[in-house]
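Thanks for sending this one over. Here are a few notes on its charged side-chain pairs, for you to read alongside the model.

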Amino acid sequence: MKHKLQKIKEESQELCTEISSDLRISKGHLEQIGDEYHRVTELSHAPMVVINEIDRQFAKATKLNDVDIAFLFVAAALQCIRQYIFTPTQERLNDQEAANKVKSGKEHSDRSHRLYNPSLEEIISNPVPFDITAGSRGVLKGYGSLGHRGATVGHDPLWGLLYGTANIATSTVTIWGKDIPVFMDSYHITTGSVPVRGGLGAKDVIPLSPSGKPILADTQKVLNYTIDKLLHKGMEGKTIVGVSVAKEIQHLRSDVHSTKSLPLPAISAISPRLAGDLAKYGVDMATVLDAGKQLVYAMAIDTLIALIHGFFYEDSAGRRNMYEIRTRRILLYSNLIASASNVVVAAVAQSLGMDGMRIVDWGGYLNTLHHIAFDAKFIHETKKDFLKNELYDRIVGTEYDFMKGDI
């Protein structure tokens, strides 16, 4: 009996100890719930205070430090150096000067006029047939300010690689249709006498029929004869086509940085007049090439700065996306500084009678706009996620472990 009473006493003591422990745990949970209640209540009474505090915390975490500012000045300096030393707009030359930069020897018109089948020597020694002007018999009129460069398909930087090559290989010229540009017309080209300074000269002309009308060629035959030379005329035919391709590329190179340059690719297929109007405002192939070079160099500098700045990241310094915001701000601010300074310098140069357009950094402007659009979006999205996560932690609480306990 005594043994049983002792056992009951021990069990009672254990039970009391367990109950006491549970009460202490429950009390701790109740106190924690109370603390959480007061904390959430305080947050609900002043939400803007909390949001402003989180906003200040975000600004502090993404603020540029001394090292970042050093990167900013280096990046801006590199962009400015690029603008004025490595990627200024190439100087425009007159047609003869531009041609002399890429051509060797003097070309002259001496065509035998074998329909669709000029000899290799004739192709090499004669100018490209779509460069015809004085002997065009009026068929190139009404195509806008670019004149024969807007009218002829061979001067299109894209379609010219096909039709210009075929024109050279067949001694023809293909022009855009006046009403519907894609409906093209082609004409044979031969050598004739046209008025030049001091008398008559041998120049490319479109031959006339007995009725006095320009003799049309078949555009489909222009292509078919070229393909036939390439596939079925042995090495001589392949050589003719190869030389024609090289001559087409050489001619486009000679024209692209001339005063009138070349139309934008494929725009003439929509409207030769539109291509000419764009060219009058400086939107031509030369501008595109210069802007492309500027853009590539500007992006290369951005990539270099971003890579080097990334080496300075340390895990203890904060979240990676916060550091990336600092990197993007360096790139954004440096491009803004470089573009703004370029606008001022170009305007001052123009006002002083210099060619300010030569130093306009079109590619740099595009790169800056890209940063404004995408970096600003990245910063906004990162800030939104940061605000959401911080609000969640403050409302739910990082030390609230009620659900982890066992009651």
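Which residues are linked in a network of salt bridges? They are E324, R328 and D375, and the points below take them in turn.

1. Some ground rules. This is a predicted model, in which local features need pLDDT of at least 70, side-chain atom pairs count only at pLDDT 80 or more, and totals for chains, interfaces and linings use all residues. Residues are numbered from 1 along each chain as its sequence is written, and side-chain values use heavy atoms, with hydrogens and water left out.

2. The overall count. The whole structure holds 10 salt bridges (a side-chain nitrogen of Lys or Arg within 4 Å of a carboxyl oxygen of Asp or Glu).

3. E324 with R328. Their closest N and O atoms are 3.1 Å apart. Both sit in helix α13 (residues 320–351), four residues apart, which means about one helical turn between them. Helices here are DSSP runs of H or I with at least four residues, strands are runs of E with at least two, and both are numbered from the N terminus.

4. R328 with D375. This salt bridge also has an N to O distance of 3.1 Å. R328 belongs to helix α13 and D375 to helix α14 (residues 362–396), so the pair ties together parts that are 47 residues apart in sequence.

5. E324 is partly exposed at 30% relative accessible area, and R328 is partly exposed at 22%. D375, at 5%, is buried (buried is under 20%, exposed over 50%, partly exposed in between, with a 1.4 Å probe and protein chains only).

6. Another pair to look at. R111 and D204 form a salt bridge at 2.9 Å, N to O. R111 lies in the loop between α4 (95–102) and α5 (120–125) and D204 in strand β4 (residues 199–205), so parts 93 residues apart in sequence are tied together. Both R111 and D204 are buried.
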